[in-house]
Amino acid sequence: MDEWREAYGLVRKELERRGIDVDWVERKAMSLAVETPSWGYGDSGTRFAVFHQPGVPRNVFEKFEDAAQVHRLTGIAPSVAIHIPWDKVDDFRELRRHAESLGLRVGAVNPNLFQDPDYKYGSITHSDPRVRRKAIDHLLECIDIGKQVGSKLFTPWFADGTDYPGQGNFRWRLRWIEETLTEVYRALPDDMTMAIEYKFFEPAFYHTDIPDWGTSYLLCSKLGPRAKVLVDLGHHPPGTNVPYIVALLLWEKRLGGFHFNSRKYADDDLTVGSIDPYELFLIFHELVEAELESPSDFQVAYMLDQSHITKPKIEAMIQSVVTVQEMYVRALVVEREALRAAQRENRVVDAEETLRRAFWTDVKPILAKARTDRGLPADPLLAYRESDYQAKIERERRGGKPAGWA
Ligand code: PSV
Ligand code: MN
């Protein structure tokens with residue numbers, strides 16, 4: 001049961017030899033917060049079909065119950081992002097109370113401007129002012145919901161774009177976006193941040209109105225300091241250097257947060273770290289550098305945005321939260337002084353090896369120790385499998401309509 005202890009002794013010794021304060025690493029690892037998405041607990045699918053999983057929640061209250069399991073076992077998933085109208089309820093204060101009774105809080109509020117038939121030709125950039133108004137009203141409604149649930153983060157994603165040349169007037173559309181966001185920004189309460197997501201294509205295939213970090217950043221800089229950029233790891237063309245985008249936004253103090261997931265081809269929504277774990281590590285290296293340099297300035301929301309189709313929902317979520325934590329710890333154990341010296345002296349191999357040494361460190365025993373010291377299971381995934389929660393929800397959640405985005 002405690003077989004990790006021997007490995008812990010060895011890795012601790014090795015890290016101490018490298019000058020790393022392991023107690024500090026353990027404390028930092030357990031102070032991380034990774035938000036899980038309500039929509040990751042419900043049924044999901046490809047663009048061809050939605051597949052049902054036994055035991056999935058039938059409403060947002062049950063989604064929070066599943067999220068509470070993830071938090072109970074990992075200790076670092078205290079909030080849940082909601083998506084409106086998928087998670088719409090009559091009384092949002094009741095949802096807030098429900099979350100709190102489970103030891104959770106409601107995280108980012110996500111509007112949905114991509115499913116209503118009115119948005120076929122766009123939402124905030126639709127040629128019809130009535131549709132644009134409807135979209136703005138929905139954004140304002142989401143901010144209001146955010147106030148009721150005590151959320152500090154509003155995360156709009158705009159699916160708007162065109163499929164064919166000539167379909168839309170680019171500059172008019174930019175004006176409509178700016179007008180919309182100006183009105184929306186004014187409605188934000190003082191303690192709420194708006195993080196604007198970008199995505200280079202899909203659902204539109206000719207052009208997308210907010211396709212990249214630069215466009216999002218440009219809009220944010222017109223709005224004010226509480227408008228920031230949201231980086232979804234699946235939203236870049238292949239080959240994009242995402243760690244550099246992260247560093248640049250950190251430098252500009254405009255990085256609002258992440259939607260963590262993994263991509264191989266496009267916006268695949270695979271679980272975080274599954275395809276290119278080294279890239280994820282390099283992203284965390286930039287984050288940790290900035291966090292350590294200026295801890296009081298560092299406010300970046302770590303959120304998952306994945307749609308697990310072929311993995312069991314709760315297991316996938318635990319695996320993902322743990323993956324993010326493992327990458328964070330790897331970034332914490334980088335020998336910073338050695339890296340800086342190698343950079344100064346242009347010792348390229350040494351600089352790279354410093355990062356690789358951290359990346360290849362087996363941090364699992366460190367996390368097992370940090371968790372068990374705090375009364376958590378050494379291995380959250382194993383603990384979930386050994387619990388009766390999955391069998392219970394599969395038994396009890398029969399009847400009713402499974403939650404999902406279809
Ligand atoms: C779009 O692909 C996206 O990343 C946005 O964050 C949405 O809100 C989310 O996926 C769920 O569809
Ligand atoms: Mn996203």
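**Exercise 1.** Which arrangement do the 6 donor atoms around the manganese ion (ligand 2) make?

*Solution.* The model is predicted; local features need pLDDT of at least 70 and side-chain atom pairs 80 or more, while totals for chains, interfaces and linings use all residues. Residues are numbered from 1 along each chain as its sequence is written, chains are lettered from A and ligands numbered from 1 in the order written, and side-chain values use heavy atoms, without hydrogens and water.

Step 1: list the protein donors (N, O and S atoms within 2.8 Å of the metal, or 3.2 Å for Na, K and Ca). They are Glu197 (OE), Asp232 (OD), His259 (ND1) and Asp305 (OD), at 2.1 to 2.2 Å.

Step 2: check the angles. They run from 71 to 166°, so the arrangement is octahedral (six donors, opposite ones over 155 degrees apart, all others between 65 and 115).

**Exercise 2.** Determine whether Lys63 and Asp87 are buried or exposed, and what their salt bridge joins.

*Solution.* Step 1: the closest N and O atoms are 2.6 Å apart, which meets the criterion (a side-chain nitrogen of Lys or Arg within 4 Å of a carboxyl oxygen of Asp or Glu).

Step 2: Lys63 lies in helix H3 and Asp87 in the loop between strand E4 and helix H4, so the pair ties together parts 24 residues apart in sequence (helices, H or I, of at least four residues and strands, E, of at least two are DSSP runs, numbered from the N terminus).

Step 3: Lys63 has 5% relative accessibility and Asp87 0%; both are buried (under 20%; exposed is over 50%, partly exposed in between; 1.4 Å probe, protein chains only).

Methods: Tetrahedral: all angles 85-135°; square planar, octahedral: opposite > 155°, others 65-115°.
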